Amino acid sequence: VFPASLKMAPKQQLRKQSTMASRAARKRDEDSVTEVGEGTDEWAQSKATVRPPDQLELTDAELKEEFTRILTANNPHAPQNIVRYSFKEGTYKLIGFVNQLAVHYSQVGNLIPKDSDEGRRQHYRNELVAVSYQGSQESAKVVVSEPDLLEEEEGPKEAEAETGSQTDVPAAEAAEKVTEEELITPKQPKEQKLTNQFNFSERASQTFNNPLRDRECQMEPPPRTNFSATANQWEIYDAYVEELEKQEKTKEKEKTKTPVAKKMGKMAMRKTTFLESQSDDITKVTQAAKIIERMVNQNTYDDIAQDFKYYEDAADEYRDQEGTLLPLWKFQNDKAKRLAVTALCWNPKYKDLFAVGHGSYDFMKQSRGMLLLYSMKNPSFPEYIFSSDSGIMCLDMHVDHPYLVVVGHYDGNVAIYNLKKPHFQPAFRSSAKSGKHTDPVWQVKWQKDDMDNNLNFFSVSSDGRIVSWTLVKSELVHTDVIKLKVEGSTMEGLDGLQLHTVGCGTAFDFHKEIDYMFLVGTEEGKIYKCSKSYSSQFLDTYDAHNMAVDAVSWNPYHTKVFMSCSSDWTVKIWDHTIKTPMFIYDLNSAVGDVAWAPYSSTVFAAVTTDGKTHIFDLSINKYEAICNQPVVAKKKNKITHVQFNPIHPIIIVGDDRGHVTCLKLSPNLRKMPKEKKGQEVQKGPAVEIAKLDKLLNLVREVKPKS
C-alpha cells in the first residue's frame, strides 16, 4: 500500500505538464499570427520607393537600355611574372599557370557528411536517444495505470482527473515532437528582397581554371661528341665575309625575280621543306633509285632497245633507193597533256638527253607551258620537269654549258633554266622593265660569250625586234640588234613623219663560220640576211615564200647553203649569194619544220601538218623525197617539229598532242659512199662540201641556159 502523498505526486506532475504544453501551443499560435502581420507590413513598405536626392531623371527608353558587362575568371591582381628555377634546363623559367582564384570570405563550419564515419556515429547516437526516450514514456504510462487499478474506491472527481490526465498525455507528446523537429530543422530567416529601380539583375560566378596536364617521357640522351677549336681573329673575319656574300647573292636573286616567281618560289620551298621533313632518307637513295628505274625500263623496253642498237632493215636492199622509219620509243607525260610540242633540242654533251618545250599554237587557247627533259635510257618519265605560267614557244641548250637552257615564252619573256639547281623556277627571267618582247618569242639561240666572258643569246619575236641578251652580274641586259621593217611600206604621216610597217620575225639562224651574219624569216614570207654590226639596213633580202617562214637553217657543212620552209607547202634550198632558190620541193601540206642531217650535207628531214615525215637525200634523188611516212596515229594530229640526233641514226618528231616519237632511219636513208677496190673511202667535211657543190653546179649551169 502506497502512502497518499506518494499517490498524488504523479497526478500533479502530469497536470503541470499538460498546462505547460497548452500554454506553449497558444504562444506559438500567437507568434505565427504576428509573423504574418510583419511580413505584410514589409511588403507594403517595399512598394514605397525611396529616392536619393542626387538621382537622375531617366526616360523609359533610357531605363530599358541594357549595359552588358563581361566578367572573366582571371584575377586582375594575380601576378603574371612568377619565375621558378628549372633544374632540368638550369635556368629560371616563367610559370605559365597562375592560380586565378580569389577568396573573399572563409569560415570554418561544423557540417558533417551523412556518409562519413562521424555522421553514421552521430545518427546512431540520435537513434539510441530516441529509443531510450520512447522507453521512458512507456514506463511512465505503466506507473500511471497501476495506481488506477489499486484506487478503485475513489470518487468520481478522481476518475475525471484520471481521464483528463490520460487525454493530456498524447498532447504533451505531440508538443515534444514539434519542439524536436524545430530543433532538428532550424527556422531560416526570411530574406529581405532588395528593390532595384532600373530592373538590373546582376549575376556573377567564379570558375576555377582547369589545371594543365603535364606528360613526361624518359628517353635515351642523343650521342654527344666533344669538338674543340681555336677561333682566331682572321677566322672570325672570314666567316663574317662569307655570310655577307651570301646575303648579297640572295638579295640579287630576289631583285631579278618577278612577284609571281617569288610567290611560286616560296610555295616550292615550302613543298621541298615539307618533303624533306617528311622523308629525309629518300635523298640518300636517289641515285640508286634512278639506276634501278633505268634498269627496269631497259627490261620493259628491251625489244625497242635491241632494235635501236642492232636492227637494220634488210628490205632496203630490194627497194629502189627508198628507205623507211622504224618507230622506237614514244615519250609522253600526263602533265603535258593537251599541250603541243613547240620546240625540240638535243643536249650537245649528253647525246641521249633532249629537251621538249610545250605550249600552244592556237592563239585563242593559250594556257600554261612545260619544259621537259627526257633521256632515251628512261622513256617512261622525264629527267627534269619545269612548268611556267606562259606557253614555251622555243628553246636552245648551251654548247659549252649544257646545263643551261634558254626558253622563249608566248608572253614575250625569255628565261634561263639551270639544270644544276633544283629550283622549279628559272634562274634568270626577263621582265617589262628589262625590255621583254611585246609579242611571242619565236626563236632563241645561244651565241659565243662576249669580250667580258658574259653569256649571251639572241631572240626574235613578232614585234619586229631582234634582241641580244647578255647575262651581267646575275641580270639579263638587253640590246636591240635590229628592227625589222617591211621594205616599200613607208608612209608619210602628219608633219612629214615617216611611218614604217614593222616586220614580224618568225625564225632565224646564225652562220656557222661568219659570226656576224644571220638570217631572219618573217611572217610576210621574206628572208633577210642581216649583220650584227649594221642595225639600220639588211645585207640582202630574199622573196622566199608566199606565207610565213616557219624555219631557216644553215647547212652544217656548206657555208653558202641554207634551207627554209613555210606554211605555203614548200621547202626551198638557197645559195645566199643568189637571190633565187636552188631547189624547191612542194610537200602538199603546210611544212612545220626542217632539219639538216649531221652526218651528210645532202640529207634533210621535213615534217608536215598532215602527219607525215619526209626524208630527202639530194645525192640520191634531187627531185623527190626518198621516204614519205606517216608517223602519227590520228589524221587530225599535226607534226610540229623534227630534230636529228648528233651521233645516232635516229630522229625525234613532236606533234600537237604533246607526244614525242623516236624513229630509226633505215640504211638507205643514211647511205655512205661505197668502198672501191684499192681506194680508201674519203670522209670528212671536204667530201660533203664537194658533194653538195657538185649538185649546186648542175643547177647553176642549167638556170642561165634556160
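Reply: Phe562 has a relative accessibility of 0% and therefore counts as buried; the term means a relative accessible area under 20%, whereas exposed means over 50% and partly exposed lies in between, with a 1.4 Å probe and protein chains only. Trp574 is likewise buried, because its relative accessible area is 0%. The model is predicted, so local features need pLDDT of at least 70 and side-chain atom pairs count only at pLDDT 80 or more, while totals for chains, interfaces and linings use all residues. Residues are numbered from 1 along each chain as its sequence is written, and side-chain values use heavy atoms, with hydrogens and water left out.

The aromatic side chains come next. The structure contains 25 aromatic pairs, that is, rings of Phe, Tyr or Trp (its six-membered ring) with centres within 6.5 Å; planes under 30 degrees apart count as stacked, over 60 as edge-to-face and the rest as tilted. In one of them, Phe508 and Phe510, the ring centres are 5.3 Å apart and the planes stand at 65°, so this pair is edge-to-face. Phe508 counts as buried because its relative accessibility is 0%, and Phe510 does so because its relative accessible area is 6%. Phe562 and Trp574, by contrast, form a stacked pair, with 6.0 Å from centre to centre and 5° between the planes. Their pair links distant parts of the chain: Phe562 belongs to strand E23 (residues 561–566) and Trp574 to strand E24 (residues 570–575), 12 residues apart. Strands (E, at least two residues) and helices (H or I, at least four) are DSSP runs, numbered from the N terminus.

Some aromatic residues also gather in a group: Phe583, Tyr585, Trp596, Phe604 and Phe616 make up one aromatic cluster. Two of these names return in the sheet described next. Where does Phe604 stand in relation to Phe616? Phe604 stands opposite Phe616, and Phe616 lies in E28.

E27 has a neighbour on each side. It pairs with strand E26 (residues 591–596) in the antiparallel sense over 5 bridges; strands are said to pair if DSSP finds at least two bridges between them. Among the partners, Asp593 is bridged to Val607 of E27, and a hairpin of 6 connecting residues leads from E26 to E27. E27 also pairs with strand E28 (residues 612–617), again in the antiparallel sense and over 5 bridges.

The arrangement continues beyond E28. E28 and E29 run antiparallel and are joined by 4 bridges, with Thr613 opposite Gln629 in E29.

In one, Glu383 meets Arg294 at 3.2 Å, N to O. The residues are 89 apart, with Glu383 in the loop between strand E6 (369–375) and strand E7 (384–388) and Arg294 in helix H7 (residues 286–300). Glu383 is buried because its relative accessibility is 18%, whereas Arg294, at 28%, is partly exposed.

Another salt bridge joins Arg465 and Asp480, with the closest N and O atoms 3.1 Å apart. Because Arg465 lies in strand E14 (residues 465–472) and Asp480 in strand E15 (residues 475–483), this contact ties together parts 15 residues apart in sequence. Arg465 counts as buried at 12% relative accessibility, and Asp480 as partly exposed at 33%.

Finally, Lys512 and Asp509 form a salt bridge of 3.6 Å, N to O. Lys512 is partly exposed at 48%, while Asp509 is buried at 5%. Salt bridges with shared partners join Lys445, Asp509 and Lys512 into one network.

Definitions and conventions: Salt bridge = Lys/Arg side-chain N within 4 Å of Asp/Glu carboxyl O.
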